[in-house]
Each structure stands twice: as structure tokens, then as C-alpha cells.
Amino acid sequence: MELMRLLIMVLSIFYSAKTSNGDGFLVYDYYKETCPLAEDIVRHNVEVAAYKDPRLAASLLRLHFHDCFVMGCDASVLLDSVEGMTSEKQAGPNLNSLRGFEVIDKIKYLLEEECPLTVSCADILAMVARDAVVSRGGPTWEVLLGRKDSLKSSFNGANQFIPAPNSSLESLIDSFKAKGLDMEDLVALSGSHTIGRARCASFRQRIYEAKPEYHHGSDRYRRYTTFRRILRSICPVTGRDHKVAPLDFETPTKFDNHYYINILEGNGLLGSDNVLITQDHEGVIKEQVWAYASNQKLFFASFAKSMIKMGNINVLTGNEGEIRRNCRFVNT
Ligand code: HEM
Ligand SMILES: *[C@@H]1O[C@H](CO)[C@@H](O)[C@H](O)[C@H]1NC(C)=O
């Protein structure tokens, strides 16, 4: 009896210490007892959505990233604006850009029918991201679960913490570091840009910059000028901001390692893709990029590992936050 009480005391101290800073445990099979169909419902609906519109797989993967980098993986990105609180959806990196909210709404609706107030929106985003990757031929992994949903959004946080496509390598490294992710995570997770599209507004600066990133006369420069000509025809100096181009021109809807081949050739779409090569003066990143470009399995393993790490950023657990009834609004 005494021993039991001691054990409970020790456990509860440990538990509260772990959760008090919002950095609690996530576990596998969290919904095994309370909502055994949760993972199946999510997977099925992501498959259907990605089958109808392959780009949605990319958009859904990106939602998890934009959630996790603002406060933490707490579904803050899903909240709509209300009196006194501006949505993260309105922030620069998200406005007219994030997609897929209707898919999340549908999944949440079905989960509320199946097991009310049980599956958090933050966990839905984490499962959806994995299933989206799988739907386009990418790797799978076990998603750790047990996140709670935030009670607020952070418009300012979205502007501050989500890296911009014209960032320097140094600032990309810094923004990942600020979230507990290292340079290897940066390189592996940037491989997400093997699927999906970007708007003209996101790559215009790069294709019209006065000073090209490559040496005149080099092979890379020649390839890049051809690539740039195509991009300029899609995206003029001004206007057509919402025209899109594929992030991976070779295999735009396939989750593969082609992103790394592209950036080695100077053909990454975004400035932030290309600085991984052009500003890597120590050659550490180049080595990793080469490894992924020549070994898709290795990329897949690293990607899965880094996604799990990203999914752990400042999660709310236990009594923190809530499980939203509707992902767009906090419960009243
Ligand atoms: C390294 C820093 C990153 C920067 C600067 C960046 C920036 C961008 C930009 C500007 C776009 C195009 C948005 C638009 O024009 O509407 C985009 C698209 C995308 N990003 Fe990133 N991103 C980064 C990292 C990531 C990460 C870590 C992930 C996922 C884990 C990710 C997943 C995606 C996907 C899948 C798309 C395509 C979305 C679609 O087609 O709807 N990105 N990113
Ligand atoms: C990046 O783009 C933003 C928005 O278009 C612009 O305000 C900023 O000056 C650019 N930064 C750099 C370093 O070019």
C-alpha cells in the first residue's frame, strides 16, 4: 500500500513536471480505446481528397508545419477570426495561400459523429500530414498522439515564426533552431517541396533578382537561365500574383527525392530551396542533399524522423487546452 502510494506520488510529480511547461507526453495508439476508428476515418478521407485533387495532399502537409511553428502543434492555425482575435489565416505567410481547411472540417465532423469531444484538431493535423505524404507515394510513420487544442491563435506569431521564401540560409537555420529543430531537420523537411505549388508572389523576387546566385558560364547558371525563362513566362514582373508553378517541376505530384536533384541543379523554385546549396559555404548541407538525391530510402527515413520531431513542438497535453468541437472555434 505504502509502496503504491509512493509510486503514484512519484508518477504524478513526474507527470506534472512534464506537462506544466506544455511539453508533455504524446503516445502511440492514444485513441485505441476511446476512438478506435479515428485513424481509419482520417486516412480514408485524406485518400479521397488527395485522389480528387493531388495538390491537396501538399496543402494538408503544409498545414501541420504552419500549425507547429506558431506556439506549437495545437491547431491554432485552424481558428477563424473572432472579435478581438485575428486568425493566423490572415497572416502574411498564410493569406491566400493555405488550403485544405474544408478537408479538416469534414474529418472533424465525422469524428464528432463517431466519438464526440475525443479527437483533437491538433492530432487530426498530425495524422492528416502523414496520410497526405503516404497518398503521394511517400514514407509512412507512426504518429504520436494526445495533443490538445489551443484556446487562441497568434496572428503575430504566424508572421514572426513562419520562414519566408526569400530568407537567407542563416535565417532559415535560426527559425528552425527557435523551434528545437536542427539543420538536418531543415534539409529533410524542405524535401516536402517535392509536392505542391507556389504562387508567383512567392518566387518572383528570385527570378528577377539583379544578382543571380550562380556564376556566369557555369552549367548551373545555364540550366537556371532556361528554368528562369519558363518561370518568367508564368510570373511577370508585376501582376498575376496568384498564378502557381509546381515546386518540383519533374514529378510535381509524387512524393519522392526529386527535390534534392532539382536543387543540386539550381532548379529549386523558391529562394529558400536554393540557398540550401548556394549559401552552404561549409558544404555540410550539400553532403546531406547529395545523400538524399542519390538515396530515396535515406531521405524517407530522415523525413519521417524529422516529421515526428516537428509534431512534438510545444504540444499541449493533459489538462492544457481543450478538445475543440469545431476546429475553427474554441468551445464556449
Ligand atoms: C524551410 C523553410 C520553408 C519555407 C521558406 C517555405 C515556404 C513555402 C512557400 C513560400 C510556399 C508556397 C506558398 C504559396 O505561394 O502559396 C510553400 C509551399 C509548400 N510548403 Fe513550404 N516552406 C518551408 C518549409 C516547409 C516545411 C517544413 C514543410 C512541411 C513539413 C513545407 C511544406 C510545403 C508544401 C507541401 C507546400 C505546397 C503547398 C500547396 O501546394 O498548397 N514547407 N512553402
Ligand atoms: C522578402 O520579401 C518581403 C516581402 O515581399 C520583403 O518585404 C523583404 O524586403 C524581402 N527580404 C529580402 C531579404 O529580400
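**Close-up 1. Asp-80, Lys-89, Asp-105 and Arg-328 form a network linked by salt bridges.** A salt bridge is defined as a side-chain nitrogen of Lys or Arg within 4 Å of a carboxyl oxygen of Asp or Glu. By this rule, the count of salt bridges is 13. The structure is a predicted model, in which local features need pLDDT of at least 70 and side-chain atom pairs count only at pLDDT 80 or more, whereas totals for chains, interfaces and linings use all residues. Residues are numbered from 1 along each chain as its sequence is written, and side-chain values use heavy atoms, with hydrogens and water left out.

**Close-up 2. Asp-80 is joined to Lys-89 by a salt bridge.** The closest N and O atoms of this pair are 2.4 Å apart. Asp-80 has a relative accessible area of 18% and is buried (under 20% relative accessible area; exposed is over 50%, partly exposed in between; 1.4 Å probe, protein chains only). Lys-89 likewise counts as buried, at 12% relative accessibility.

**Close-up 3. Arg-328 forms a salt bridge with Asp-80.** Here the closest N and O atoms lie 3.3 Å apart. The pair links distant parts of the chain, 248 residues apart: Arg-328 belongs to the segment after α14 (296–310), and Asp-80 to the loop between α3 (54–68) and α4 (101–114). Helices (H or I, at least four residues) are DSSP runs, numbered from the N terminus.

**Close-up 4. Lys-108 and Glu-112 meet through their side chains in a salt bridge.** The N to O distance is 2.8 Å. Both residues lie in helix α4, four residues apart, which is about one turn of the helix. Lys-108 and Glu-112 are both buried.

Key:
Chains lettered and ligands numbered in written order. Helix = DSSP H or I, 4+ residues; strand = E, 2+ residues; numbered from the N terminus.
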